[in-house]
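Dear colleague,

Please find the structure below, handed over for your records. My notes on what was found in it follow directly after.

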Amino acid sequence: MAGPVASVRAWFDERFPLDDLKALAQKKKVPVHRYSYWYFLGGMTLFLFGVQVLTGALLLLYYRPGADEAFESVQFIMTQVQFGWLIRSVHSWSANLLVFMAFAHLFSVLFLRSYRKPRELTWVSGVLLLFLMLGFGFSGYLLPWNTLSYFATKVGTEIPAQIPIIGRPVLLFLRGGEDITGSTLTRLYGFHIAILPALATVLIGVHLALIQWFGMSVPPGVEAKWQAIPEDRKEIRFFPNFVLRELMAWYVALGLLGALAALFPWGLGVKADPFASAPAGIKPEWYFLFMFQTLKVIPAKVLGMDGEMLGILAFGVVGAVALLLPFLDREKPFKTRRWITGLACVFLGYMAVMTVDGWVAK
Amino acid sequence: MSSAPDTSAAAKLAPADLPRRRFVNILLGTGLLASAASFLYPVLRYLVPPKLPDLGGDAVLAARLSEMKPNTAKTFRFGTRPGLLVETSAGEYRAMSATCTHLGCTVQYRPDLREIWCACHNGMYDLNGRNISGPPPRPLEAFEVQVRGDEIFVRRKQEA
């Protein structure tokens, strides 16, 4: 029965380790326990990133960067191109859900303590990826060149400028000049479609390779129980059982994205006018809102220190702690675990309160 | 999570022997296929670039009388494509599409030959736009010319 299919397969097998990969996929197991569903958040984030890559590539077919063309080209996509409104709305919705999923994934990993040895680097690469996603959000926000995105970028690039010494060079680098102009647009466009995707591809590769290497983490409580009673250990095969479940979740997510985009299409707003005043109620994207709101409520001077500076410093510390969290988690000499969980709860609460406050604030 | 209890019973029968399973499989399969098509269809349509707004019956200002002399021509914008306005030696105005019907180069008027010439592959058209020599397969689309005061307007010929 050496048909043409079999001979092509045999040719391929000699040149590509397909059978080895298949054997690996069949051997690979995924632990099952009461917290298993939290495992889907990472996969969901990955799926949404894939949606971003595909819809982003589609938008590139018609989008034109440039102060005179960007808004018009997005308008063209929304009104003239068939299903252009759908593609752009899916891109925007997926971007927002992606950031939400990435945060949810981070906190679930944190509370299940999956970052502990030997998975510290998986955590670090994940936090770096979250920062990258925020960078994607920030750079992509300006691309339609509307009033809202114009002023959000203005404020957003002004914030790092408060840092002593390096602040101004950073501002000039981000803006491509003193002000937000067409140069800023082409710059952020370059970040959004070339530099950030390249970095993200590498980091996602590392993140996934590490997960493959160490397998999925089991929460400490469950692990202890399994060690005591080995018969209780439950696992399913990665392929096809886990993959099919994951695909099912992705399919539902795709349907949900389509529905959200169709029922609540993303608006375009008014074309940016560098000489118009900032409209009332100007706000950044919701995932930056808690930082924005914090900077708004900090008094101008705190203990003789510049309030703005203090806020930026605090967020810098939070970012550094998040990045290095696995190295702070030690059984001895202190019980740092409870501290970490407590701090994460406080920060999560703070984020929630400040986001809501920023949302309802005038 | 746990395996269904009926696996042993199902294992005795091949999938084809189970009409209910086959029915469910067909139902799920066609459902998945249909939804996948509904996701793919907008993407395929999106890839087709939309037609730019056409001029329809609108007239375009091609030139002013003062710009034109006998035995000269002027290229003008007709929608997204160039058009050619010729004043013959007799002082008549002729207008036509300036896109060669061969491979789409823009044609020009040759005062020495009193013909329209395409530089790309040496195609020739007469002043009515008829292809008379060289590779062009079809005549140039002729337009209607109207002179209003000092202005020369050109528009598509209205179909009778």
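Predicted model: local features only at pLDDT ≥ 70, side-chain atom pairs only at ≥ 80, totals over all residues.

Thr55(A) counts as buried, at 8% relative accessibility; here buried means under 20% relative accessible area, exposed over 50%, and partly exposed in between (1.4 Å probe, protein chains only). The residue has its place in helix 3 of chain A, where helices (H or I, at least four residues) and strands (E, at least two) are DSSP runs, numbered from the N terminus. The side chain of Thr55(A) reaches the backbone oxygen of Val51(A) at 2.7 Å. Leaving aside residues up to four places away in sequence, Thr55(A) touches Ile87(A), Val90(A) and His91(A); contact means heavy atoms within 4.5 Å.

Residues are numbered from 1 along each chain as its sequence is written, chains are lettered from A and ligands numbered from 1 in the order in which they are written, and side-chain values use heavy atoms, with hydrogens and water left out.

The interface

Between the two chains, 19 residues of chain A are in contact with 15 residues of chain B. The area buried between chain A and chain B is about 1,500 Å², and carbon and sulfur atoms give 71% of it; buried area is the accessible area (1.4 Å probe) that two parts lose on being put together, summed over both. On the side of chain A, Gln82(A), Phe83(A) and Tyr251(A) lose the most area to chain B, together 36% of what that side buries.

The elements of chain A that give two or more residues to this side are helix 3 (40–60), helix 4 (70–79), helix 5 (84–111) and helix 11 (238–263). Helix 11 of chain A gives the most, with 4 residues. By residue class, the side of chain A that touches chain B divides into 14 nonpolar, 4 polar and 1 charged. In this count Ala, Val, Leu, Ile, Met, Phe, Trp, Tyr, Cys and Pro are nonpolar, Asp, Glu, Lys and Arg charged, and the others, Gly among them, polar.

Which kinds of polar pairing cross between the chains? There are 7 residue pairs in polar contact between chain A and chain B, both residues being at pLDDT 80 or more. A polar contact is a pair of N or O atoms within 3.5 Å; within protein, one must be able to donate a hydrogen and the other to accept it, and residues adjacent in sequence count only if both atoms are side-chain atoms.

The nonpolar cores

A nonpolar core is a set of buried Ala, Val, Leu, Ile, Met, Phe, Trp, Tyr and Cys residues joined through side-chain atoms within 4.5 Å. The largest has 48 residues, and those with the most contacts inside it are Phe49(A), Tyr63(A), Trp145(A), Leu185(A) and Tyr46(B). Helix 3, helix 4, helix 5, helix 6 (120–142), helix 7 (147–158), helix 9 (182–214) and helix 11 of chain A each supply at least two residues of this core. A second, separate core of 22 residues includes Phe103(A), Leu325(A), Ile340(A) and Met354(A).

Salt bridges

Over all chains the count comes to 15 salt bridges. In one of them, the side chains of Glu158(A) and Arg175(A) meet at 3.1 Å, N to O. This pair links distant parts of the chain, 17 residues apart, with Glu158(A) in helix 7 and Arg175(A) in helix 8 (residues 167–175) of chain A. Glu158(A) is partly exposed, with a relative accessible area of 37%, whereas Arg175(A) is buried, at 4%.

In chain B, Glu141(B) and Arg156(B) form a salt bridge at 3.0 Å, N to O. Glu141(B) lies in the loop between strand 8 (131–133) and strand 9 (142–148) and Arg156(B) in strand 10 (residues 151–156), so the pair ties together parts that are 15 residues apart in sequence. Glu141(B) counts as partly exposed at 38% relative accessibility, as does Arg156(B) at 25%.

With kind regards

Notes. Salt bridge = Lys/Arg side-chain N within 4 Å of Asp/Glu carboxyl O.
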